[in-house]
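Good morning, and thank you for coming.

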Amino acid sequence: QVQLVESGGGSVQAGGSLRLSCAASGLTYSVNYMGWFRQAPGKEREWVSIISPDGTTSYAHSVKGRFTISKDNNENTLYLQMNSLKPEDTAMYYCAADPARFRLLVASPSYWGQGTQVTVSS
């Protein structure tokens, strides 16, 4: 059974930083596309960043240059380093996994975590 468990969310002032983690069990990071998504109240879930099995990364325009996705295949852990946070980054953040990249792009992956809340105050 696959489980993705996020941690690291919290409250921070604008300009601050947070590091999210996603620990996986029952899943091998080295053969799956992994991604971070977020959903703000009243808005649709949107993808933030994706990392491929070979380590290639992609970012949404809104976070490019501020967020960094990485993974530790040995520890089966996914990370999202978030710097220069803005109030509009406030959302529930989810990690996700799927063997196919397109399923992450359409926000329909095989596996979701339960989410971790990030709140950025101005």
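First, the basis of what you see. This is a predicted model, in which local features need pLDDT of at least 70 and side-chain atom pairs count only at pLDDT 80 or more, while totals for chains, interfaces and linings use all residues. Residues are numbered from 1 along each chain as its sequence is written, and side-chain values use heavy atoms, with hydrogens and water left out.

Let me begin with charge. Side chains of opposite charge can pair when their charged atoms come close. How many salt bridges does the structure hold? There are four, a salt bridge being a side-chain nitrogen of Lys or Arg within 4 Å of a carboxyl oxygen of Asp or Glu.

One of them joins Arg38 to Glu46, at 2.7 Å from N to O. Arg38 is buried, at 6% relative accessibility, whereas Glu46 is partly exposed, at 38%. Here buried means under 20% relative accessible area, exposed means over 50%, and partly exposed lies in between, with a 1.4 Å probe and protein chains only.

Another pairs Arg66 with Asp89, whose closest N and O atoms are 2.7 Å apart. Arg66 sits in the loop between strand E6 (57-59) and strand E7 (67-72), and Asp89 in the loop between strand E8 (77-82) and strand E9 (91-98), so this pair ties together parts that are 23 residues apart in sequence. Helices (H or I, at least four residues) and strands (E, at least two) are DSSP runs, numbered from the N terminus. Both Arg66 and Asp89 are buried.

A further salt bridge links Arg103 and Asp98, at 3.2 Å from N to O. Arg103 is partly exposed, with a relative accessible area of 30%, and Asp98 is buried, at 2%. Through shared partners, salt bridges join Arg38, Glu46, Arg66 and Asp89 into one network.

Now the backbone. Asn76, in the loop between E7 and E8, is not a glycine, yet has a positive phi of about 50°. Asn76 is buried, at 16% relative accessibility. Ser84, likewise not a glycine, has a positive phi of about 50°; Ser84 belongs to the loop between E8 and E9 and is partly exposed, at 41%.

Lastly, the surface. Phe102 lies in helix H1 (residues 101-105) and is exposed, with a relative accessible area of 53%. Phe102, Leu105 and Val106 make up a nonpolar surface patch with about 290 Å² of accessible area together. Patches are made of residues with over 30% relative accessible area and no salt bridge, like charges being joined within 9 Å and nonpolar side chains (Val, Leu, Ile, Met, Phe, Trp, Tyr) within 5 Å. Accessible areas come from the Shrake-Rupley method with a 1.4 Å probe, and for residues only the protein chains shown count as cover.
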